Amino acid sequence: MHKWLSQNKNKLTALTGLLIVMAFIFQWIFSNRTAANIFLFIASLIGGFPIAVSAIAALKVKVISIDLLVTIAIFGAFVIQEFEESAIVAFLFLFGAYLEHKTLSKTRLAIQNLVALSPETALRQNNQEEFEEISVEEVEEGDHLLIKTGDKVPVDGIVLSGLGTINEASITGEPLPVSKAVDDQVFAGTIVEDGTIHMQAEKVGEDSTFGKIIALVEEAQDSKSPAERFIDRFAKYYTPAVLVLALIVFLFSRSISLAITILVLGCPGALVIGVPVSHVAGIGNGAKHGILFKGSDVIAKFSKVDTILFDKTGTLTYGNPEVTDSHYYLPDHDLVDRLLVSVEKESRHPLAQAILKHYQVSQSENILETTVIQGGGIMAKTHEHQILVGNPYLMKQYHITITEPMQKDINEMEQLGESLVLTAIDGSLALATGIRDQLRDGVKEDLQALKNMGVKNLILLSGDHQHSVDLVREELGLSEAYGNLLPADKAAFVKKRQSIGETVAFVGDGINDSPSLALADIGIAMGNGTDVAIETSDIVLMHSNFHRIPHALALAKATSRNMLENIIIALLVVVILLVSVFTNRAMNMAIGMFVHEASILVVILNAMRLIHFKNKQKLDTNQLFMNDLQVN
């Protein structure tokens with residue numbers, strides 16, 4: 001029965017409306033009241049049937065729903081032979097449900113567009129080195145694939161050969177295409193606008209970036225905010241309260257018509273639909289702009305944030321640092337380079353990538369054992385050597401002697417704001433490497449935009465030495481900056497700020513940041529960070545697009561504000577209608593139901609504004625940033 005009703009509910013709504021129109025034609029044109037009543041009688045039965053079925057289904061699970069109010073109202077009007085009232089009430093309620101369904105479908109358009117971008121086939125190289133078309137579900141890690149102009153990239157992977165220009169808007173939200181060459185990463189769901197690429201599959205199916213985006217956004221839409229949980233609790237007690245009110249009114253007035261009118265006018269339809277539709281529209285807008293909110297609860301918390309903590313490398317900076325200084329303390333430079341490169345091949349840290357890029361060696365050593373010292377670096381062993389690669393804290397832990405000339409070199413690099421990577425071999429310091437990363441273009445303007453939106457504290461937390469951190473603080477105008485912090489220190493700092501009543505967000509790339517991301521009221525992960533960071537965070541910025549943070553905050557505030565507006569609109573309409581029953585003789589069921597459905601349309605239209613929401617404060621800065629990209 002429920003399946004049939006679900007498939008035919010719109011047809012029943014249309015038929016009910018048609019019968020009402022026929023009734024008015026016979027009444028007004030042909031002056032045939034009997035025929036009009038017959039049409040209204042049939043319309044009441046057809047329109048009331050699906051509503052009654054929904055009410056009974058809710059009662060079976062011990063829920064007194066709005067459908068029950070409407071069912072009783074229709075039945076009461078039917079009993080007292082007010083067929084015009086019962087038919088119109090049934091039609092308007094069904095039509096309102098139709099509008100809700102259509103609107104929710106529209107607000108989910110961003111997600112539907114994402115799903116539509118999901119590729120269905122791929123060209124895979126077979127044993128005869130020919131490319132054959134297969135279903136994307138058949139692609140496995142390591143497969144070699146061919147993507148031609150106009151094709152969608154089927155899975156995440158790396159370019160083996162060829163050149164191409166790819167539209168990554170579905171992943172990053174950025175409209176400008178990106179050039180791809182050998183060794184560059186490509187993502188599922190993006191489109192090759194020009195060129196041909198031969199790639200190797202690395203992440204397939206739900207493990208791909210695109211798969212995670214869809215999963216995260218769908219999961220987010222199913223979660224509930226405090227406002228939605230309040231509405232659920234409110235509806236649980238409100239509906240029985242309206243039934244009791246209608247009964248009391250009947251007992252005192254002995255007017256069935258008045259009691260039934262109260263049931264109709266007391267329906268809080270706009271209240272029930274207003275908050276979820278705002279929630280879905282806000283999450284859809286975020287997904288369209290490369291921002292993944294993991295639920296409306298996240299939106300509500302983020303809208304109230306007053307303190308944002310930032311990691312440095314890969315967050316405020318590009319995370320693509322370069323080696324700028326090298327000081328050797330052992331004569332065999334080749335051995336030092338070879339051992340350093342061998343160890344850093346085991347790490348994904350941006351500083352490790354800078355070292356691998358700078359120190360070119362013809363061959364590497366076989367690493368037998370690797371131990372990651374949290375907040376310090378790496379201890380590794382080969383057949384002949386023990387190697388330490390990390391910061392001064394690691395050297396201190398292993399009692400590595402640092403002479404005055406060595407310390408002078410280290411101090412000079414720190415004064416220049418360089419990050420330090422020290423290499424010790426067999427208990428002796430062998431190399432001090434200075435690495436510098438570039439601040440993201442436009443990050444200062446982004447931080448100013450956050451201040452303008454009410455964020456009081458912008459704080460830098462870093463494992464780098466204090467002088468380097470202070471230089472960044474001065475350049476960006478941050479509130480505070482703290483260096484030489486271990487992951488545990490960052491997590492403790494998060495707890496400290498929360499303990500004094502601040503709502504804290506932490507932004508990081510996930511390398512040693514996962515504890516802080518999890519502890520913060522809102523964890524914001526840069527999309528190119530580690531998988532664990534994306535899992536433990538509340539907001540994900542796809543493609544590490546820092547410039548989306550101001551839009552995310554503005555959108556969160558707009559969505560929360562929109563939810564509150566819809567709650568106020570819905571409650572005001574119900575109060576005004578109920579008061580009108582007792583103060584205005586012209587008020588009846590049909591008028592009340594019309595106003596009720598109109599209020600649903602108002603909150604829907606209000607929520608739909610979020611679909612096209614733009615952070616006006618950041619338009620100029622973003623345009624400058626896009627212009628810089630075009631120039632570069």
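A residue is classed as partly exposed when its relative accessible area falls between the buried range, under 20%, and the exposed range, over 50%. In the predicted model examined here, Glu565 has a relative accessible area of 29% and is therefore partly exposed. Its side chain meets that of Arg609 in a salt bridge, with an N to O distance of 3.4 Å. Glu565 belongs to helix α22 (residues 549-583), whereas Arg609 lies in the loop between α23 (589-608) and α24 (619-631), so the pair ties together parts that are 44 residues apart in sequence. Arg609 counts as exposed, at 52% relative accessibility.

Seven salt bridges were found in a search of the whole structure. One of them joins Arg124 to Asp143, with the closest N and O atoms 3.3 Å apart. This pair links distant parts of the chain, 19 residues apart: Arg124 is in strand β1, and Asp143 is in the loop between β2 and β3 (144-147). Both Arg124 and Asp143 are buried. A salt bridge is also formed by the side chains of Lys490 and Asp311 (3.1 Å, N to O). Because Lys490 lies in helix α19 (residues 487-499) and Asp311 in the loop between β9 (307-310) and α12 (312-316), the pair ties together parts 179 residues apart in sequence. Lys490 is buried at 6% relative accessibility, and Asp311 is buried with a relative accessible area of 7%.

Glu414, in helix α16 (residues 404-415), is buried but has no salt bridge. The nearest side chain of opposite charge is that of Lys312, 12 Å away. Apart from neighbours within four places in sequence, Glu414 is in contact with Leu420, His465, His467 and Ser468.

Helix packing was examined for α3 (residues 66-79) and α9 (residues 256-265), whose axes come within 8 Å and cross at roughly 150 degrees. Since angles over 145 degrees count as roughly antiparallel, α3 is roughly antiparallel to α9. The crossing of these two helices is left-handed. Leu69, Ile72, Ala73, Gly76 and Ala77 of α3 make the contact with Ile260, Leu263 and Val264 of α9.

Backbone geometry was also considered. Most residues other than glycine have a negative phi. Glu129, although not a glycine, has a positive phi of about 60 degrees. Glu129 lies in the loop between β1 (121-125) and β2 (131-135) and is exposed, with a relative accessible area of 63%. Asp183, also not a glycine, has a positive phi of about 75 degrees. Asp183 is found in the loop between β5 (178-180) and β6 (185-186), and its relative accessible area of 56% makes it exposed.

Conventions: Residues numbered from 1 in each chain as written. Predicted model: local features only at pLDDT ≥ 70, side-chain atom pairs only at ≥ 80, totals over all residues. Heavy atoms only, no water. Helix = DSSP H or I, 4+ residues; strand = E, 2+ residues; numbered from the N terminus. Buried < 20%, exposed > 50% of the residue type's maximum accessible area, 1.4 Å probe, protein only. Lys, Arg positive; Asp, Glu negative; His and termini not counted. Salt bridge = Lys/Arg side-chain N within 4 Å of Asp/Glu carboxyl O. Contact = heavy atoms within 4.5 Å. Axes fitted to C-alpha atoms, helices over the stretch in contact; angles between N-to-C directions. Parallel < 35°, antiparallel > 145°, perpendicular 65-115°, else oblique. Left-handed = near helix turned anticlockwise from the far one by under 90°.
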